[in-house]
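Today I open my notebook on a new protein.

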Amino acid sequence: MALLPIRIYGDPVLRRVAEPVREFTPELRTLATDMIETMYAEPGVGLAAPQVGVSIRMIVIDPTAGDEKGKAFALINPVVTRSGEHVVIEEGCLSVPDIRADVVRPERVSVDYQTIAGEPAHLDADDMVARIIQHEYDHLDGILFVDRISPVRRQLLRKQLKALAKSQGKRS
Ligand code: NI
C-alpha cells in the first residue's frame, strides 16, 4: 500500500478524457487500494484515477462521506444517470486546494459500474453520496467543479486558480 501524490489544477492529466478499463489486473486492484488509502489520508471523500495521474475510468468513494472508515470502494467504468431536483452543495477538490464553492447538481444518481473484480454492479444514491459520485465522475471527463460554479464566483476565483496553475507549472 502506498500514498499517491495528488495532481493539482493546471496539470494536463486533469483535463483528459480518461480511458475505459478493459483488464481487471492485480495492478488495478493495487491502484484502487492505494487510491482509497490516499483519499482517507488527505482526507477526502472521493478520488478519481486521473487525480493520481492515471487516466483511466476508475473512481473511489467513501459512501459514509467521512463518517466511518473502511467502507470505501472502487467504481470502474461508471455510467451515471442523474435525476431529481437540482440542489446546491458546497464542494471542494483535492486537486484544487483551498478553494470551496457552491455547485448546483441533481440530487440523485443511478450508477452502473464494474467492481474491482470486473463484476457488473449498480448503485442508487442521493444526497452527499450522489454528489460525491457526480464530482468524481466529472474527473473522468476532464471536468473540474470550478467549471460548474457561477460565472461571478469563477471571476472572483480567477487569480487564485491562475496562481495554482502557475505553481503547478513550476512543480512539473
Ligand atoms: Ni475532485
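**Notebook: helix, sheet and nickel**

I looked up what the buried residues of α1 pack against, and found β1 (46-48), β2 (58-61) and β3 (73-93); contact means heavy atoms within 4.5 Å. Helices (H or I, at least four residues) and strands (E, at least two) are DSSP runs, numbered from the N terminus.

I noted that this is a predicted model, where local features need pLDDT of at least 70, side-chain atom pairs count only at pLDDT 80 or more, and totals for chains, interfaces and linings use all residues. Residues are numbered from 1 along each chain as its sequence is written, and side-chain values use heavy atoms, with hydrogens and water left out.

Next I checked which α1 residues are buried, and L28, L31 and A32 are among them. Buried means under 20% relative accessible area, exposed over 50%, partly exposed in between (1.4 Å probe, protein chains only).

Then I turned to the sheet. I found an open sheet of five strands in the order β1-β2-β3-β4-β5, with antiparallel pairing; two strands pair if DSSP finds at least two bridges between them. Its edge strands, β1 and β5 (120-126), each pair on one side only.

Which atoms hold the nickel ion as protein donors? I found C93 (SG), H135 (NE2) and H139 (NE2), at 2.1 to 2.2 Å from the nickel ion. Donors are N, O and S atoms within 2.8 Å of the metal (3.2 Å for Na, K and Ca); water is not among the atoms, so sites may look incomplete. I saw that C93 in strand β3 and H139 in helix α2 (residues 127-140) are 46 residues apart. C93 is buried at 9% relative accessible area, and H139 is buried at 1%.
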